[in-house]
Amino acid sequence: MGALRVWRWISETWRPGFGAGVRRRDAGFGTEARRRSQPQASNKSKDPVEDQPFPGLLRTENLGVEELVDVLKAAVVDQKGRPGELTLLSVLPQLSQALGLGHRELQVVRAPGKEASGLVLLSGCPQTASRLQKFFAHSRRSQRPTATYCAITDGVPEPSEGTVSVALKLERMDGINLAVPVASPSRKDILEGVKRTLSHFHVMATGCGCALVQLQPLTVFPSQLQVHMALQLCPVLGDHTYAARVGTVLGQRFLWPATTTKPQTQVLDEALLKRLRLSPSQVAQMPLHLHLQRLLLPGTRSRDPPSELLAPVPSYFSRTLQCLRLSQK
């Protein structure tokens with residue numbers, strides 16, 4: 001097999017921190033994972049919830065090329081092939097030069113959305129990338145989920161388990177491409193880019209009017225999981241794009257028209273802000289609490305069962321779980 005890399009995700013907007021080493025079960029492709037742990041604070045008297053609202057969150061303006069290289073190296077959770085073949089497409093070209101990659105390019109095979117955290121799967125071998133893409137495509141056709149996300153939502157989905165099935169299209173609004181639901185799409189709509197999307201959801205824990213939700217997409221579409229949760233009237237915490245579509249009147253939630261509702265900073269009620277120990281001005285900095293936690297990969301041989309890659313949630317995600325008294329099983 002060719003070179004393959006798996007990272008914790010660093011998005012273009014948010015820079016999630018990198019926590020303890022990632023567990024790897026029945027790893028395929030023949031090499032062991034590299035595990036790195038996050039330094040622990042020496043002052044035990046500090047309350048981690050009080051100390052920093054979004055621990056582990058890094059900003060691009062605070063990083064130079066050398067620092068970003070160190071962050072990326074620390075973020076590797078699985079490495080196959082020769083050392084030194086490390087890159088990420090959202091990083092400036094100088095980063096590739098600093099890593100000594102030469103003209104060899106890495107291809108993103110699987111990654112969470114721009115603002116989500118979690119695993120990123122890359123390959124420097126076209127044959128390996130092709131095999132992985134075929135595995136993911138076959139799994140989607142068979143409706144077998146290969147990616148498992150966890151999310152913290154503002155609101156508790158009802159019922160606690162089910163599927164969301166809706167047609168979506170991308171529509172330009174104020175210079176941004178937004179996913180918009182399409183009711184009863186025609187054949188012409190499908191040909192023009194409308195796609196039927198499907199996700200499973202399962203509520204794993206609830207508390208303080210919020211929920212820890214497991215999400216498994218069976219289709220691929222930009223912002224699919226965020227839109228699906230908003231349609232359940234339970235937007236993901238830190239969703240400053242689609243949460244605005246959920247309104248509240250006299251304690252009852254409803255959906256604003258997606259085609260006319262512009263993105264804005266998520267609005268959280270006073271009780272939730274108090275529970276999260278946040279001021280209203282800090283909400284705009286809240287990162288999206290959507291994390292690609294688990295990926296299935298094909299086994300080394302065709303008859304082998306899939307292997308599994310796991311990534312721990314970022315520190316800010318853990319802090320929110322603690323504030324809301326949500327236990328992650």
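This is a predicted model: local features need pLDDT of at least 70, side-chain atom pairs count only at pLDDT 80 or more; totals for chains, interfaces and linings use all residues.
In soluble globular proteins, nonpolar side chains tend to be buried together. In this model the largest nonpolar core has 27 residues, of which Leu121, Phe136, Tyr149, Val213, Leu215 and Leu290 touch the most other members. At least two residues of this core come from each of the elements β7, α4, β8, β11, β12, α6 and β15, and the residue ranges given for the strands and for α6 are set out below.

| Element | Residues |
|---|---|
| β7 | 117-123 |
| β8 | 147-154 |
| β11 | 195-207 |
| β12 | 210-217 |
| α6 | 224-231 |
| β15 | 290-297 |

Another core, of 22 residues, lies apart from this one and includes Ala205, Leu272, Met286 and Cys323.

Val213, one of the core residues that touch the most other members, is in contact, once its neighbours within four places in sequence are left aside, with Tyr149, Cys150, Ala151, Thr153, Pro157, Phe201, His202, Val203, Met204 and Met229.

Helix α4, which spans residues 126-141, reaches 22 Å from its first C-alpha to its last, close to the 22 Å expected for its 16 residues. Its buried residues are Thr128, Ala129, Leu132, Phe135, Phe136, Ala137 and Ser139, and the helix is followed by Gln143, whose phi is positive, near 55°.

Technical notes:
Residues are numbered from 1 along each chain as its sequence is written. Side-chain values use heavy atoms; hydrogens and water are left out. Helices (H or I, at least four residues) and strands (E, at least two) are DSSP runs, numbered from the N terminus. The expected span of a helix is 1.5 Å times one less than its number of residues. Buried means under 20% relative accessible area, exposed over 50%, partly exposed in between (1.4 Å probe, protein chains only). A nonpolar core is a set of buried Ala, Val, Leu, Ile, Met, Phe, Trp, Tyr and Cys residues joined through side-chain atoms within 4.5 Å. Contact means heavy atoms within 4.5 Å.
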